[in-house]
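Work through the exercises below with the sequence and the coordinates at hand. Each task is followed by a solution in steps.

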Amino acid sequence: MVRPYCADDLPRLLELWLQGSLNAHPFIPAEHWKAMSRDMQTGFLELCDILVYTDEYPDSPEAFLSIIDGFIAGLFVSKSHQCQGIGSRLLRIAKRMHEHLELTVYQKNTGAVRFYQKNGFRIAGTRIEKATGEIEYIMIF
């Protein structure tokens with residue numbers, strides 16, 4: 001089921017974010033993500049509208065999508081729940097909430113690029129992310 005974020009979700013969302021970031025971005029040192037984890041804990045998620053996917057029981061988050069003013073700040077699905085349509089489902093809900101969506105994705109994260117393209121996003125440009133020096137695609141829907 002998909003539901004809004006509640007404060008009790010924070011530890012699990014941070015876990016999903018960190019594990020997802022480490023798994024999807026092996027080309028970025030793990031220390032980068034661990035350092036960013038502190039920023040996530042101190043309020044970043046509070047700035048976002050967050051959709052949370054949970055199994056019916058237990059009500060533990062297995063995926064989430066965070067949005068700030070039409071910008072998808074993150075979409076993370078636990079490894080055990082990937083390839084089940086959950087990420088696409090969260091995107092469909094986000095598309096109903098926002099007429100235009102934008103996100104950035106690392107060029108080297110080819111699986112994510114294909115996933116977003118399959119879900120109707122297109123590459124609108126590129127940029128270099130300052131913190132990592134990596135090329136990111138700017139994708140829009």
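**Exercise 1. Cysteines**

Classify Cys 48 and Cys 83 as buried or exposed, then determine how many disulfides a search of the whole structure finds.

Solution. The model is a predicted one.
- Step 1: Cys 48 has a relative accessible area of 11%, so this residue is buried, the cut-off being under 20%.
- Step 2: Cys 83 has 85% relative accessibility and therefore counts as exposed, since that class begins over 50%.
- Step 3: A disulfide is a covalent bond between the sulfur atoms of two cysteines. The test applied here requires the two sulfur atoms to be within 2.5 Å.
- Step 4: For Cys 48, the closest cysteine sulfur belongs to Cys 6 and lies 15 Å away, which is too far for a bond.
- Step 5: Over the whole structure the search returns zero disulfides.

**Exercise 2. The two sides of H4**

Explain why the buried residues of helix H4 are on the same side of H4, and list the elements they pack against.

Solution.
- Step 1: Helix H4 spans residues 110–118, and Ala 112, Val 113 and Tyr 116 are buried in this helix.
- Step 2: These residues lie on the same side of H4 because they cover an arc of only 105° around the axis.
- Step 3: Arg 114 and Lys 118 are exposed, on the other side of H4.
- Step 4: The packing partners of the buried residues are helix H3 (86–97) and the strands S4 (71–77), S5 (102–106), S6 (122–128) and S7 (135–140).
- Step 5: After H4 comes Gly 120, with a positive phi near 95°.

**Exercise 3. His 32**

Locate His 32 among the helices, decide whether His 32 is buried or exposed, and find its contacts beyond four places in sequence.

Solution.
- Step 1: His 32 is part of helix H2, residues 30–44.
- Step 2: Its relative accessibility is 17%, so His 32 counts as buried.
- Step 3: With neighbours within four places in sequence left aside, His 32 is in contact with Ala 131 and Thr 132.

**Exercise 4. The whole chain**

Give the order of the elements and check the radius of gyration against that of a compact globule.

Solution.
- Step 1: The protein chain has four helices and seven strands, which run β-α-α-β-β-β-α-β-α-β-β from the N terminus.
- Step 2: A compact globule with 141 residues would have a radius of gyration near 14 Å, and the protein chain agrees with this at 14 Å.
- Step 3: Along the principal axes, the C-alpha atoms fill a box of roughly 40 × 35 × 25 Å.
- Step 4: Of the 141 residues, 43% count as buried.
- Step 5: Among contacts with a separation of 6 or more, 56% join residues 24 or more positions apart.

Notes: Residues numbered from 1 in each chain as written. Predicted model: local features only at pLDDT ≥ 70, side-chain atom pairs only at ≥ 80, totals over all residues. Heavy atoms only, no water. Buried < 20%, exposed > 50% of the residue type's maximum accessible area, 1.4 Å probe, protein only. Contact = heavy atoms within 4.5 Å. Arc of directions from axis to C-beta. Rg over C-alpha atoms; globule rule 2.2 N^0.38 Å.
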